[in-house]
Amino acid sequence: MKNKQLLEKIREEGLYLGIMFVTCLIVFKVIFYREDMVSIIRTVFSLFYMILLPGYFIMIYWIDDIDFKERIVLSVVVGTIIVGLISYYVGIIGLNVKYHVIPIPLIVIVISFLLNAKLNK
Amino acid sequence: MEFKNLKIDIEAIYLILVFGLLLWMGYGSLSGYKISHDTLIGYYSSDAIQDYVFVDGIKDTGNYKYFPPWVSAGFNDTIAWYSPAVFELFAMVSYLSGLGTHDVLLLMVYLFGVISTLVMYFTIRDYNKNIAIISLPFMFYMFMGKSYGAFLSGFWAYTIACMFVVAVFWSMGKLYKKKSYILLALFITGIIYTHISELIYIVGFIGFFLGFRVITKNATKDMFKNIILAGIITIIMSAYFILLFRLSVGAGIVGDSIINVNKPYLGELHGGIPVVDIKSFGILFILIIFGMLISLKQFKSMHISFLAGFYMLFVGYSNYLGGTIGNRGMQNRYFWPLYFAVFFGICIYFLVKLIFKNWKKVYSICLSILLLIPLVGFNYSKPGSYSIIEKERLNGLSWFHSNSPKDAKVFFFYGDPYSQTSILWLTKRTAYLVQTEDYIRALNEKKIKRSYLSRDVAGFLFHRTSFLTSGDYTEEYKNEFGVRERDICNYDYFVFDKVSRQPELAQFNMIMASKLAENENIEVVFSNNIMVILENKKPEADCIEEQTIA
């Protein structure tokens with residue numbers, strides 16, 4: 001698969017991810033109906049940004065082999081260990097955990113995307 | 001946006017329903033249908049509070065290199081070896097979501113339980129989609145009956161590690177895919193960094209899997225190659241942490257017996273909670289047995305989900321082997337609802353196929369819902385939205401955070417919940433606890449004493465002495481740790497409970513507190529309905545006169 005096709009597929013799945021995000025908001029709001037909407041949005045966004053998206057971008061390597069639903073569920077497991085592990089070691093090196101929040105998931109997402117694009121050539 | 005390309009995916013809709021229902025059962029009702037709480041909700045055990053203290057400590061210290069000093073008798077260089085990667089992640093989620101670490105920890109533990117279910121679903125789906133869908137209702141046992149105990153009782157590192165265990169089963173079923181060893185390596189690494197004792201069972205499973213495939217002549221060169229590559233990557237990613245583990249708590253484990261058949265675990269409790277047995281699933285255990293028998297029909301090409309089920313049955317009953325293996329093996333029964341679901345599914349599917357030859361996916365979903373309703377209806381009981389520590393007590397213990405020096409030493413007199421010692425770490429100060437027997441003795445003898453038998457409330461105190469060596473503060477300061485006579489006048493703060501299930505002890509607490517408060521160097525600094533905190537402004541000076549009370 002060429003990079004153009006890969007981008008096309010990611011764009012298509014981006015739509016599914018968006019639908020999933022909204023669905024998660026609804027599910028969380030139904031279950032935690034006593035919680036205000038702002039907290040729900042922040043929580044679901046955090047889970048997506050810190051766990052699901054890094055996992056998703058790592059797993060696009062198997063975009064043709066494993067279907068979207070399966071990859072999304074496994075993305076949570078992959079994202080958990082990758083982001084957690086990097087944060088653990090960056091913390092040990094000396095950077096306070098509060099500064100990991102934005103850059104670490106973002107770096108995982110970008111590097112995974114670039115690597116997958118390179119491997120896909 | 002190409003919405004016109006979107007198709008209705010009935011399987012996805014059902015999975016979303018399952019996701020929602022499981023989250024509601026596991027955490028929704030427990031949380032009182034709220035994500036954020038101003039106190040601890042759903043913390044039923046010392047283990048649970050310990051995990052919260054560790055995660056919250058990461059935010060306080062900025063990393064998880066060391067355990068916080070308040071869990072380490074004041075030392076600030078004790079090796080942190082417990083669940084580092086996921087705890088670090090939880091601290092991050094707490095920052096971004098704005099939720100307290102106590103809320104994030106609980107939400108994530110239950111959410112990961114739900115994810116484990118979905119991973120198991122996809123593992124089974126690789127064999128047969130209909131069986132996977134029909135298997136789902138059985139997986140709900142995870143948040144019902146005895147299995148739910150593992151979550152409610154705070155076996156959280158174990159339950160999170162099980163998500164990685166299930167993911168290993170999933171990835172072992174994908175060994176034929178390109179670069180599948182990367183995923184396998186990540187999941188095994190997840191186990192190591194979360195609850196390392198599960199590693200031994202996974203290594204055993206990989207051996208069992210390869211052995212089985214070789215015997216049944218289904219092994220391929222790629223299978224071996226992928227597993228070896230996964231092993232190499234895992235070792236590289238885990239080497240530093242395994243070293244830390246070996247230098248800390250692992251050093252003690254080596255001395256324990258791995259297997260001791262003379263001392264099997266036969267009790268009805270494990271870690272204080274009821275042990276899951278195959279009979280825990282009621283009449284459904286007959287279906288599981290039938291499912292096992294049916295699965296043997298395809299013995300030679302047995303799917304990974306069946307192999308995992310049989311293997312975890314063996315692991316669960318390894319309690320008869322005794323030792324560390326037996327103890328940890330028995331714990332694995334709490335996830336039997338996931339491991340055995342495939343047997344349940346194949347049995348039901350086999351029965352319906354006897355009647356309906358042209359079975360469709362939509363029928364499986366309908367049947368799954370029909371099975372789910374009575375299963376959940378009869379077996380689910382809503383847990384209470386409370387904790388072993390009430391809000392007023394938490395307020396009292398939290399008072400120390402901003403009102404006392406960081407190196408303050410706090411002496412706790414008798415309190416009903418303090419046998420769950422992790423509670424005392426909520427002060428974020430070094431804590432000591434009076435020995436109840438000695439305190440009761442003083443009460444019976446009507447004596448006000450200056451020294452009591454007491455203990456430090458500290459976890460493991462391993463510290464590094466070089467890159468490859470470590471020491472243990474409890475050995476190096478033998479005379480200062482453990483249960484020993486301690487002069488209360490040496491402490492900065494005293495905590496007394498005003499109420500108790502044993503009113504005499506609460507009354508004795510109040511007498512002690514009032515005698516101490518007579519000293520000009522001691523004053524009441526916090527008081528509410530259940531506890532009073534006294535500050536000793538001159539530690540090591542005389543603080544109380546030994547006397548007999550009327």
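Reader: Through how many residues does a hairpin join E11(B) to E12(B)?

Author: The model is predicted. In it, E11(B) covers residues 522-527 and E12(B) covers residues 531-536. The link from E11(B) to E12(B) is a hairpin, and its residues number three.

Reader: In which sense do strand E11 and strand E12 of chain B pair?

Author: The pairing of E11(B) with E12(B) runs over five bridges. Within it, Val524(B) faces Leu534(B) of E12(B). The sense of the pairing is antiparallel.

Reader: How many residues of chain B are in contact with chain A?

Author: Contact here means C-beta atoms within 7 Å. On the chain A side, 40 residues take part. On the chain B side, the count is 49.

Reader: Which element gives the most to the side of chain A that touches chain B?

Author: Three elements of chain A give two or more residues to that side: H1 (3-31), H2 (37-59) and H3 (68-93). By class, the side holds 23 nonpolar, 10 polar and seven charged residues. The top contributor gives 17 residues, and that is H3(A).

Reader: What is the handedness of the crossing of H1(A) and H1(B)?

Author: H1(A) packs against H1(B), residues 10-28, with the axes 10 Å apart. The angle is about 35°. The crossing is right-handed.

Reader: How do the residues of the contact of H1(A) with H1(B) divide by class?

Author: H1(A) supplies Thr23(A), Val27(A), Val30(A) and Ile31(A). H1(B) supplies Ile16(B), Phe19(B), Gly20(B), Leu23(B), Trp24(B) and Gly28(B). The division is seven nonpolar, three polar and no charged.

Reader: At roughly what angle do the axes of H8 and H9 of chain B cross?

Author: H8(B) spans residues 180-194, and H9(B) spans 197-215. Their axes come within 7 Å. The crossing angle is roughly 150°.

Reader: How many charged residues has the contact of H8(B) with H9(B)?

Author: From H8(B) come Ile188(B), Ile191(B) and Ile192(B). From H9(B) come Glu198(B), Leu199(B) and Ile202(B). Five are nonpolar and none is polar, and the charged count is one.

Reader: Ala73(B) has a positive phi although it is not a glycine. Is Ala73(B) buried or exposed?

Author: Its phi is about 55°. Ala73(B) sits in the loop between H2 (46-61) and H3 (84-97) of chain B. A residue is buried at 20 or more other C-beta atoms within 10 Å. Ala73(B) has 21, so the class is buried.

Reader: Lys217(B) has a positive phi too. Is Lys217(B) buried or exposed?

Author: Phi is about 60° at this residue, again not a glycine. Lys217(B) lies in the loop from H9 (197-215) to H10 (221-247) of chain B. Lys217(B) has 8, so the class is exposed.

Reader: What pattern does chain A follow along the sequence?

Author: Chain A has zero strands. Its helices number four. Read in order, the pattern is α-α-α-α.

Reader: What share of the residues of chain A counts as buried?

Author: The C-alpha trace of chain A spans about 50 × 40 × 20 Å along its principal axes. Among contacts in chain A with a separation of 6 or more, 55% link residues 24 or more positions apart. The chain has 121 residues, and the buried share is 41%.

Technical notes: Residues are numbered from 1 along each chain as its sequence is written. Chains are lettered from A and ligands numbered from 1 in the order in which they are written. This is a predicted model: local features need pLDDT of at least 70, side-chain atom pairs count only at pLDDT 80 or more; totals for chains, interfaces and linings use all residues. Two residues are in contact if their C-beta atoms, placed from the backbone, lie within 7 Å. Ala, Val, Leu, Ile, Met, Phe, Trp, Tyr, Cys and Pro count as nonpolar, Asp, Glu, Lys and Arg as charged, and the others, Gly among them, as polar. A residue is buried if 20 or more other C-beta atoms lie within 10 Å of its own, exposed if 12 or fewer, and partly exposed in between; C-beta atoms are placed from the backbone. Two strands pair if DSSP finds at least two bridges between them. Axes are lines fitted to C-alpha atoms, for helices over the stretch in contact, and angles run from 0 to 180 degrees between N-to-C directions. A crossing is left-handed if the near helix is turned anticlockwise from the far one by less than a right angle, and right-handed if clockwise.
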